[in-house]
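Me: I would like to go through a few local features of this model with you. Could we begin with a single residue and then move on to the strands?

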Amino acid sequence: MTSNPILAGFNPDPSIASAPDGFYLVTSSFEYLPGLPVYHSEDLERWELVGHVATREEQVRIAQVPTPGGVWAPTLRYRDGVFYLIVSVFLGGRGCVLFTAADPAGPWSDGTVIEAVDGIDPDLAWDDDGAAFVTFARHPDALQQVRVDLATGEALEKPRPLWSGSGLYSPEGPHLYRRGDWWYLLAAEGGTDRGHAVTVARSRRPDGPFESAPHNPLLTAAGTGSPVQNTGHADLVELPDGGTAMVLLGVRPVGLAKSFSPLGRETFLTTVDWIDGWPHARMPQPGVTPPEQLEYDFSNGAGLEDPRWIGVRRTPAEFSAPTSKGLLLRGEGSTMGSPRPCFVAQRQRHLAMEFRAVLDVGSGAGGIAVRNAEDNWFGIEARQDGDAVRITARAVVAGFDRIWEATVPSGDVELAVEASPPPSDFRAGAVGGDRIRLLVRDAGAGGSAEGELLTELDGRHWAFETAKAFTGRAFGVFAVDGEVLVRRLSYRGGD
């Protein structure tokens with residue numbers, strides 16, 4: 001495999017299904033909309049984002065959920081020509097919801113709420129008679145299961161305890177499979193940090209009792225020097241050649257101490273061997289994330305056709321529109337620290353990246369930002385101030401808020417963020433996070449091609465281990481007040 005992670009940038013809790021035209025994979029999206037991205041691949045290596053399950057806020061009702069609430073840990077399955085997606089919308093959202101679609105690219109159904117599932121990480125499986133079993137995690141009672149009428153969402157019995165795990169902390173993320181005469185129950189244990197692990201049990205019946213595998217954990221990076229850490233929350237898929245593959249989440253920590261992961265939890269792929277009736281998985285090894293050079297010219301009337309654009313607790317279409325002069329962002333007085341900023345974003349997908357945007361702030365105030373959460377972001381705001389544009393760079397971490405200021409002549413302004421991994425040896429800065437540079441340049445004439453350096457930041461403060469937002473960095477443009485025109489935007493990334 002030349003590309004691992006197979007989905008770079010924040011794409012946690014992957015679930016995969018095999019269909020006649022290849023493989024489909026969905027990941028968690030938390031507070032972002034559209035949510036539940038759907039990826040397609042014919043070979044498990046090259047993946048394309050083909051749509052989203054949740055394209056309307058009312059499907060999930062996350063407008064008021066706190067961070068890190070929202071759309072958690074889906075399970076995607078394909079059966080008799082229908083795609084099923086079951087998910088928990090947590091901390092004030094819609095609860096456990098089942099969506100269906102004939103085409104995984106969409107549209108998906110409005111969703112059916114399954115009231116009996118009072119927990120997270122629901123899984124969906126069917127027995128030989130077509131009975132549907134929903135298995136889920138409910139702390140502190142470990143994994144539970146209930147039979148459900150999928151047409152109505154009604155429970156056909158009371159939820160019952162299923163398996164307490166292999167003995168590690170916090171059993172969750174269950175997935176149930178039939179293989180031969182056995183039912184296998186895959187689980188995530190140890191939390192989603194450095195102790196994360198994949199465990200497995202089996203039974204002759206889908207409702208148990210389950211026996212733990214003698215070699216548990218099936219896979220973990222805990223206590224190892226693996227370049228991929230936090231490995232867990234896995235899902236299995238059968239291959240056309242009779243083999244088995246596993247998708248799972250992991251992080252890529254950087255620097256000498258390997259302590260900070262800028263991009264959050266990503267999706268990795270590995271192989272599974274079956275020995276004496278038990279699965280055995282190999283630790284995924286990172287490959288080369290393909291470089292990207294994206295150029296968006298909004299000055300010709302182009303809009304947000306790229307499906308990678310997302311918003312926070314609402315879709316970008318609610319506050320943006322294409323015009324003949326640029327992408328128009330309408331500010332509402334909300335900032336990047338607000339629960340619903342006017343922020344059009346994409347996932348940061350590379351450890352080394354450069355992001356630039358040319359803005360017209362003559363009728364408003366806005367800028368560019370990189371966000372993990374309301375209290376964990378950095379960016380640059382531009383605002384008209386007489387015959388000049390006032391520039392404010394800002395770095396926010398819970399309990400820390402600092403600004404740097406500059407001015408540039410009136411007219412279009414170019415704002416930029418550059419990030420590069422720290423050295424992996426004993427040079428200065430090796431024990432920190434990636435190096436982040438915030439820059440500004442007059443987009444008209446004059447100034448260096450690179451721009452004026454506003455500040456340089458240590459990325460350890462904006463990593464998965466410190467942000468604790470469950471997502472990862474999202475870069476994009478925002479508006480605070482009035483109308484901001486985004487003329488051009490570019491992203492260049494490589495590892």
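Predicted model: local features only at pLDDT ≥ 70, side-chain atom pairs only at ≥ 80, totals over all residues.

Me: Which strand does Asp442 lie in?

Reply: Asp442 belongs to strand S34, which covers residues 435-442.

Me: And what is the nearest side chain of opposite charge to Asp442?

Reply: That is Arg441, at 7.1 Å. Asp442 is buried and has no salt bridge; the cut-off for a salt bridge is 4 Å.

Me: Changing topic: is Gln144 buried or exposed?

Reply: Gln144 is buried, because its relative accessible area is 10% and buried means under 20%. Its place is in strand S12, residues 143-149.

Me: What does Gln144 touch?

Reply: Not counting residues up to four places away in sequence, Gln144 touches Val134, Thr135, Phe136, Arg138, Pro159, Arg160, Pro161 and Leu162.

Me: Now the open sheet: in what order do its four strands come?

Reply: The order is S1-S2-S4-S5, with antiparallel pairing. Strand S1 (15-19) and strand S5 (48-54) are the edge strands, each pairing on one side only. On average, neighbouring strands of this sheet are turned by 25 degrees against each other, direction ignored.

Me: How many bridges join S2 to S4?

Reply: Four bridges connect strand S2 (residues 22-26) with strand S4 (residues 35-41), and the two run antiparallel.

Me: Which residue in S4 stands opposite Leu25?

Reply: Tyr39 is the residue in S4 opposite Leu25.

Key: Residues numbered from 1 in each chain as written. Heavy atoms only, no water. Pairing = 2+ DSSP bridges. Axes fitted to C-alpha atoms, helices over the stretch in contact; angles between N-to-C directions. Buried < 20%, exposed > 50% of the residue type's maximum accessible area, 1.4 Å probe, protein only. Lys, Arg positive; Asp, Glu negative; His and termini not counted. Contact = heavy atoms within 4.5 Å.
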